[in-house]
Amino acid sequence: MAAVGNFRVEPGGSGARLWTETWAQVSGPRARIAFGAYWLAVGPFSAWIRRMFLRAARARAAAGRTAPAHGLYLVRVDYTDGSIPSLP
């Protein structure tokens, strides 16, 4: 199985459009069933994390804050204390 996740940004109207995408390719019927079961369990959490990221990006843009020059954030994620991570 191979999977790829992506964040895309395209100019639109008075700002930009940001969204996430995920692609998966499986090698046969058994792998498809196994991945389907996996995604059934993991998919809702993946969607939740992506929505958190997109909301944080929208809030950051609305506040007029920009990404650092290199465009990358290093974010430490620790769910052991039950907190929800946020972007800097």
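**Ground rules.** I am working from a predicted model, where local features need pLDDT of at least 70, side-chain atom pairs count only at pLDDT 80 or more, and totals for chains, interfaces and linings use all residues. Residues are numbered from 1 along each chain as its sequence is written, and side-chain values use heavy atoms, with hydrogens and water left out.

**Layout.** I looked up the elements and got 1 helix and 2 strands, in the order β-β-α from the N terminus. Helices (H or I, at least four residues) and strands (E, at least two) are DSSP runs, numbered from the N terminus. Buried residues make up 11% of the 88 residues, where buried means under 20% relative accessible area, exposed over 50%, and partly exposed in between (1.4 Å probe, protein chains only).

**Confidence.** I checked pLDDT next, which is the predictor's confidence in each residue, from 0 to 100. The protein averages 75, and 73% of the residues score at least 70. Of the elements, α1 has the highest mean at 87 and β1 the lowest at 80. Over residues 74-79 pLDDT stays under 50, and I find 9 contacts there beyond four places in sequence; contact means heavy atoms within 4.5 Å. Where pLDDT is low, the predicted coordinates should not be read in detail.

How many bridges join strand β1 to strand β2? I get 11, between residues 2-12 and residues 15-25, and the strands run antiparallel. For strands to count as paired, DSSP must find at least two bridges between them. The two form a hairpin with 2 residues between them, and Gly13 in the turn has a positive phi of about 55°.

**Val4.** I picked this one out of strand β1. Val4 is partly exposed at 48% relative accessible area. Leaving aside neighbours within four places in sequence, Val4 is in contact with Glu21, Thr22 and Trp23. I also took the C-alpha separation of Val4 and Gln25, 21 residues apart along the chain, and it is 9.0 Å.

**Thr20.** Thr20 sits in strand β2. Not counting residues up to four places away, Thr20 touches Asn6, Phe7, Arg50 and Leu54. The side chains of Thr20 and Arg50 make a polar contact of 3.2 Å. That term needs a pair of N or O atoms within 3.5 Å; within protein, one must be able to donate a hydrogen and the other to accept it, and residues adjacent in sequence count only if both atoms are side-chain atoms.

**Aromatics.** I searched the whole structure and got 3 aromatic pairs. Phe35 and Trp39 are stacked, because their ring centres are 6.0 Å apart and their planes are at 15°. Rings of Phe, Tyr and Trp (its six-membered ring) pair if their centres lie within 6.5 Å; planes under 30 degrees apart count as stacked, over 60 as edge-to-face and the rest as tilted. Phe35 and Trp39 are 4 residues apart in helix α1 (residues 29-62), so about one helical turn separates them. Phe35 is buried at 18%, whereas Trp39 is partly exposed at 33%. Tyr38 and Trp39 have ring centres 6.4 Å apart and planes at 45°, so I logged that pair as tilted. Ring pairs link Phe35, Tyr38 and Trp39 into a cluster.
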